[in-house]
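This briefing sets out how one protein chain is folded and packed. Please examine the sequence and the model first; the points below are grouped by topic.

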Amino acid sequence: MINTIEKEILNGKPAEIKKILIITYYWPPAGGPGVQRWLKFVKYLPDFGFEPHVYIPENPTYQIIDEKLIAEVSSKAIIIKKKIREPYSWASFFSKKDTQKISSGIIPSKKKQSLVAKFLLWIRGNLFIPDARIFWLKPSVEFLKNYIQEHQIETIITSGPPHSLHLIGLELKEQLNVKWIADFRDPWTTIGYHKELMLTVKSENKHKILEKKVLCSATKISVTSPSTKIDFEKITNRPIAVITNGYDVEDVSKTLLDEKFTLAHIGSFLSERNPRILWKALKELVKEEPGFESDFRLKLIGKISQDVLDSIAEFKLSKYVDNLGYVSHQEAIMHQRKSQALLLIEIDSEETRCIIPGKLFEYMVSERPIIAIGPKASDFEMILKESNTGTFFGYDEKKRLKKTILAHYSLYKQSNLKVYPVGLQNYTRKNLTQQLVNFINET
């Protein structure tokens, strides 16, 4: 497919370069899922005639670092940095461990929260609204006002969370009347951890007021799931586009499959994502199925909640666990492709039906069967079914889950465990960038 800029070049016309400003907190060397979306959009935007200017913090507090991602930053991107005051730096004075967990999204269950953790959560939820990066708002607006005018930038995009970045876009829109797209990688007041922040009624109302103001003031809004679009349409009549996350063609060499029957979970394993039906099914298979105990390994890659590890121990599965911790994105992709099957777990709640985990798309292209557990009628359940890349289970379907794992194990024993995906081209990063460009250009 030839895009607009390529057509202009073929016709001998000079291609018009459009300047666009992207305001994001997460950027290499930050690791984790938050960085991938705009790192990849910026990679492909020049192919469609855009010159991306990327505004990021000069001194951020990233809990996950992946130095290898620096090499993936487009050479055509213009990177702008401004210092930020990070409350998490002084909060670590009280408890470095609790601060790191909270800032990376791993919130212990209420029964296991220390007094310090509860204090930090209350501070985070009620004094820093919408989030702890709010202090970047004023200096960023003052700096970017001049930058936008000097470089004649007509369109800005803010990426949240952190949703305080949308407030930067709000101020710039009001002061300069630029076109502003608010991109929501995750929802705001309906995201799973929002209710864990110990919000007062006043704080909760302030969050909702700011959310509505952003949604009703942005020129356009982009979201990552259909359910988020439906929820936002109850608040605003602004144009909303669903542009999911996706996968890129990664430079990872071919690798042999694990010899063991490995079930791999890649990414943060939060306390609320603790799938007890999975642990119970695995415990029963270890006990009942001949050979399963010697073949089975549970591979955990990323930050793991202690609640999850405690549950694994409760079901006497700890000796089957390979806890590899955080690895680079490239190494994570290698494990996706060599593991026998992949685990995708989402919190069982009404609020998380709209969440489509970013790793789903890289899972899908890994050609390994996906075992997904989450709330029924989830957006990612439909994607799994349409792409023929895995099986979805509700939290009350232990029997069917156990049966599926056993079927996978039987195929593994025959060296015939594989999937036959369809329609994956819809989720390539370049195709998704084309969707983004079309949305930007729509009048």
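Among contacts in the protein (heavy atoms within 4.5 Å) between residues at least 6 apart in sequence, 74% join residues at least 24 apart. The model is predicted: local features need pLDDT of at least 70, side-chain atom pairs count only at pLDDT 80 or more, and totals for chains, interfaces and linings use all residues. Residues are numbered from 1 along each chain as its sequence is written, and side-chain values use heavy atoms, with hydrogens and water left out.

**Overall content**

- The secondary structure comprises 17 helices and 13 strands; these are DSSP runs numbered from the N terminus, with at least four residues (H or I) for a helix and at least two (E) for a strand.
- Of the 443 residues, 56% count as buried, where buried means under 20% relative accessible area, exposed over 50% and partly exposed in between (1.4 Å probe, protein chains only).

**The seven-stranded sheet**

- Seven strands form an open sheet with parallel pairing, in the order β3-β2-β1-β4-β5-β6-β7; two strands pair if DSSP finds at least two bridges between them.
- At the edges of this sheet are β3 (78–82) and β7 (240–242), each of which pairs on one side only.
- From one strand to the next, the twist averages 20°; angles run from 0 to 180 degrees between N-to-C directions, and axes are lines fitted to C-alpha atoms, for helices over the stretch in contact.
- Strands β1 (residues 18–23) and β2 (residues 50–57) run parallel and are joined by six bridges.
- Ile-22 has Val-54 of β2 as its bridge partner.
- Packed on the sheet is helix α9 (residues 226–233), which touches β5 (179–184), β6 (220–223) and β7, and whose direction makes about 165° with that of β7.

- Ile-79 lies in strand β3 and is partly exposed, with a relative accessible area of 33%.
- Not counting residues up to four places away in sequence, Ile-79 touches Trp-27, Val-54, Ile-56 and Val-73.
- Pro-52 is 27 residues from Ile-79 in sequence and 8.5 Å from Ile-79 in space, C-alpha to C-alpha.

**Nonpolar cores**

- The largest nonpolar core has 60 residues, and those with the most contacts inside it are Leu-21, Leu-144, Ile-168 and Phe-184; such a core is a set of buried Ala, Val, Leu, Ile, Met, Phe, Trp, Tyr and Cys residues joined through side-chain atoms within 4.5 Å.
- Leaving aside neighbours within four places in sequence, the contacts of Leu-21 include His-53, Tyr-55, Ile-80, Leu-144 and Ile-148.
- Another core, of 32 residues, lies apart from the largest one; among its members are Trp-279, Ile-304, Ile-371 and Leu-401.

**Helix pairs**

- The axes of α10 (residues 276–288) and α16 (residues 398–413) come within 9 Å and cross at roughly 50°.
- That angle makes α10 oblique to α16; angles under 35 degrees count as roughly parallel, over 145 as roughly antiparallel, 65 to 115 as roughly perpendicular and the rest as oblique.
- Residues making the contact include Leu-278, Ala-281 and Leu-285 of α10 and Leu-401, Ile-405 and Leu-406 of α16.
- For α6 (residues 137–150) and α7 (residues 164–176), the axes come within 10 Å and cross at roughly 45°; α6 and α7 are therefore oblique to each other.
- Among the residues that meet are Val-141, Leu-144 and Ile-148 in α6 and Leu-167, Ile-168 and Leu-172 in α7.
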